Amino acid sequence: MGSRPDGWWRDREGAARRLAGRIAAALTTDRAGLAEAFGHPGAELQVHLVLEGAAARVEDLPTHPRLTIVRAEADGDSTIAALAADLVTDGSGGPLVVVTADRALRERVRGSGAVTTGPGTLLNALPAP
């Protein structure tokens, strides 16, 4: 959420709802386009949205069978790194792409075998708000 200065920090709960809604909409209307945006055309997507702080306490988030909401108990970066390691180790899915602008987090998840991309890739692939 923090990659664009659109005021998300003033309404973290609303920003979480909007992002989850846009992801759910993309998974419903253009899942193939979303997979292609990440460089994996034809991949069966499963999206994990990690929320922390006030955003993690939001109860009424949009849902989709291919969208898993992960509520970080502490910081989101540690949750993302642990989740990436678990998903890579599981090996049941296709390629794991972690979306983040944080350089240190990129290095952490790459160490577990995930690939990374910036938030612009995700945001540009989602339907307009």
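## Terms and model

A residue is called buried when its relative accessible area is under 20%, exposed when that area is over 50%, and partly exposed in between (1.4 Å probe, protein chains only). Helices (H or I, at least four residues) and strands (E, at least two) are DSSP runs, numbered from the N terminus.

The model is predicted: local features need pLDDT of at least 70, side-chain atom pairs count only at pLDDT 80 or more, and totals for chains, interfaces and linings use all residues. Residues are numbered from 1 along each chain as its sequence is written, and side-chain values use heavy atoms, with hydrogens and water left out.

## Overall make-up

The protein has six helices and four strands. Read from the N terminus, the order of the elements is α-α-β-α-β-α-β-α-β-α.

Of the 129 residues, 38% are buried. The accessible surface is about 7300 Å² (Shrake-Rupley method, 1.4 Å probe; for residues, only the protein chains shown count as cover). Carbon and sulfur atoms account for 50% of this surface. Contact means heavy atoms within 4.5 Å; among contacts between residues at least 6 apart in sequence, 50% join residues at least 24 apart.

## Helix H5

Helix H5 spans residues 103-110, and Leu105, Arg106 and Val109 in this helix are buried. They lie on the same side of H5, because they cover an arc of only 105° around the axis, taken from the directions from the helix axis to the C-beta atoms. Arg103, Ala104 and Glu107, on the other side of H5, are exposed.

The cover over the buried residues of H5 includes helix H4 (76-90), strand E3 (97-99) and strand E4 (115-117). At the N-terminal end, aspartate 102 caps H5, with a side-chain oxygen 3.0 Å from the backbone nitrogen of alanine 104.

## Salt bridges

A salt bridge is a side-chain nitrogen of Lys or Arg within 4 Å of a carboxyl oxygen of Asp or Glu; the count by this rule is three. Aspartate 60 is in the loop between helix H3 (53-56) and strand E2 (67-71), while arginine 17 is in helix H1 (residues 12-29), 43 residues apart. Arginine 17 is partly exposed, at 32% relative accessible area.

Another joins arginine 66 and glutamate 44 (2.9 Å, N to O). Arginine 66 lies in the loop between H3 and E2, and glutamate 44 in the loop between helix H2 (31-37) and strand E1 (47-51), so the pair ties together parts 22 residues apart in sequence. Within H5, glutamate 107 and arginine 110 are three residues apart, about one turn of the helix, and their side chains form a salt bridge (3.0 Å, N to O).

Key:
Polar contact = N/O pair within 3.5 Å; in protein donor to acceptor, adjacent residues only side chain to side chain.
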